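Me: I have a structure open and have not looked at it before. Can you walk me through some of it?

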Amino acid sequence: QVQLVESGGGLVQPGGSLRLSCAASGSIFSISTMGWYRQAPGKQRELVATNARGGNTNYLESVKGRFTISRDNAKNTVTLQMNSLKPEDTAVYYCNAYVRPGYYSDYQTYWGQGTQVTVSS
């Protein structure tokens with residue numbers, strides 16, 4: 001079993017910063033891509049940023065230049081540094097990882113429980 005545990009959400013004023021962290025634990029042979037998604041009320045879940053094991057990153061257009069994703073492969077962690085936050089960034093943020101649980105296993109997608117980010121004055 002693989003668990004993803006997120007931390008770092010909260011309430012911040014527009015223009016402020018937050019740092020989200022996610023740690024993967026459990027039965028892990030290998031992790032391919034790790035990333036962050038978000039879902040605002042009444043909207044579909046959308047990709048915010050991903051980080052492939054080799055280091056390639058991908059960002060939602062609206063967060064480019066403001067958010068930075070990084071990962072520590074040795075610790076199976078991924079971090080999202082969010083700067084210059086806007087009210088439209090308000091959402092539940094979910095950690096995502098594409099994990100191979102064992103040598104003979106296929107890769108599977110796992111999700112964290114979500115952490116609320118609220119940007120408001």
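Me: Let's start with S30. What joins its side chain to that of Y107?

Reply: The side chains of S30 and Y107 are joined by a polar contact of 3.1 Å. Keep in mind that this is a predicted model.

Me: Where is S30 found?

Reply: S30 belongs to strand β4, which covers residues 30-39.

Me: Is S30 buried or exposed?

Reply: S30 counts as buried, because its relative accessibility is 16% and the cut-off for buried is under 20%.

Me: And what is S30 in contact with, leaving aside neighbours within four places in sequence?

Reply: S30 is in contact with Y98, V99, R100 and Y107.

Me: Y98 and Y107 are both in that list. How are their two rings arranged?

Reply: Y98 and Y107 form a stacked aromatic pair, with 5.3 Å from centre to centre and 20 degrees between the planes. Y98 is partly exposed at 36% relative accessibility, and Y107 is partly exposed at 33%.

Me: How many aromatic pairs does a search of the whole structure find?

Reply: Four. One of the pairs is Y103 with Y104. Their ring centres are 4.9 Å apart and the planes are at 90 degrees, so this pair is edge-to-face.

Me: Are Y103 and Y104 buried or exposed?

Reply: Both Y103 and Y104 are exposed. Together with F29 they form one aromatic cluster.

Me: New topic: charges over rings. Which ring does the charged end of R45 sit over?

Reply: The charged end of R45 sits over the ring of Y94, 3.8 Å from the ring centre. R45 also lies over the face of W111, at 4.6 Å from that ring's centre.

Me: Now the inside. How many residues are in the largest nonpolar core?

Reply: The largest nonpolar core has 28 residues. W36, V48, F67, L80, M82 and Y93 have the most contacts inside this core.

Me: Which strands supply at least two residues each?

Reply: The strands that do are β1 (2-7), β3 (18-26), β4, β5 (46-51), β7 (67-72), β8 (77-82), β9 (91-100) and β11 (115-119). The largest share comes from β9, with five residues.

Me: Why would such side chains be together?

Reply: In soluble globular proteins, nonpolar side chains tend to be buried together.

Me: Back to Y93. What is Y93 in contact with, beyond its neighbours within four places in sequence?

Reply: Y93 is in contact with E6, L20, W36, Y37, R38, V48, F67, L80, M82, G114, T115 and V117.

Me: R38 is in that list. What stands opposite R38 in β5?

Reply: E46 stands opposite R38. The strands β4 and β5 pair in the antiparallel sense over five bridges. They form a hairpin with six residues between them, and G42 in the turn has a positive phi of about 75 degrees.

Me: Which strand do three bridges join to β5?

Reply: Strand β6, residues 57-59, is joined to β5 by three bridges, and the two run antiparallel. T50 has N58 in β6 as its bridge partner. Five residues lie between β5 and β6 in their hairpin, where G55 in the turn has a positive phi of about 110 degrees.

Me: And β8, what about its pairing with β7?

Reply: β7 and β8 pair antiparallel over six bridges, and Q81 in β8 is the bridge partner of T68. Their hairpin has four residues between the strands, and N76 in the turn has a positive phi of about 55 degrees. β8 also pairs with β3, again antiparallel over six bridges, and A23 stands opposite T77 in β8.

Methods:
Residues are numbered from 1 along each chain as its sequence is written. This is a predicted model: local features need pLDDT of at least 70, side-chain atom pairs count only at pLDDT 80 or more; totals for chains, interfaces and linings use all residues. Side-chain values use heavy atoms; hydrogens and water are left out. Rings of Phe, Tyr and Trp (its six-membered ring) pair if their centres lie within 6.5 Å; planes under 30 degrees apart count as stacked, over 60 as edge-to-face and the rest as tilted. Buried means under 20% relative accessible area, exposed over 50%, partly exposed in between (1.4 Å probe, protein chains only). A charge sits over a ring if NZ of Lys or CZ of Arg is within 6 Å of the ring centre and within 35 degrees of the ring normal. A polar contact is a pair of N or O atoms within 3.5 Å; within protein, one must be able to donate a hydrogen and the other to accept it, and residues adjacent in sequence count only if both atoms are side-chain atoms. Contact means heavy atoms within 4.5 Å. A nonpolar core is a set of buried Ala, Val, Leu, Ile, Met, Phe, Trp, Tyr and Cys residues joined through side-chain atoms within 4.5 Å. Two strands pair if DSSP finds at least two bridges between them.
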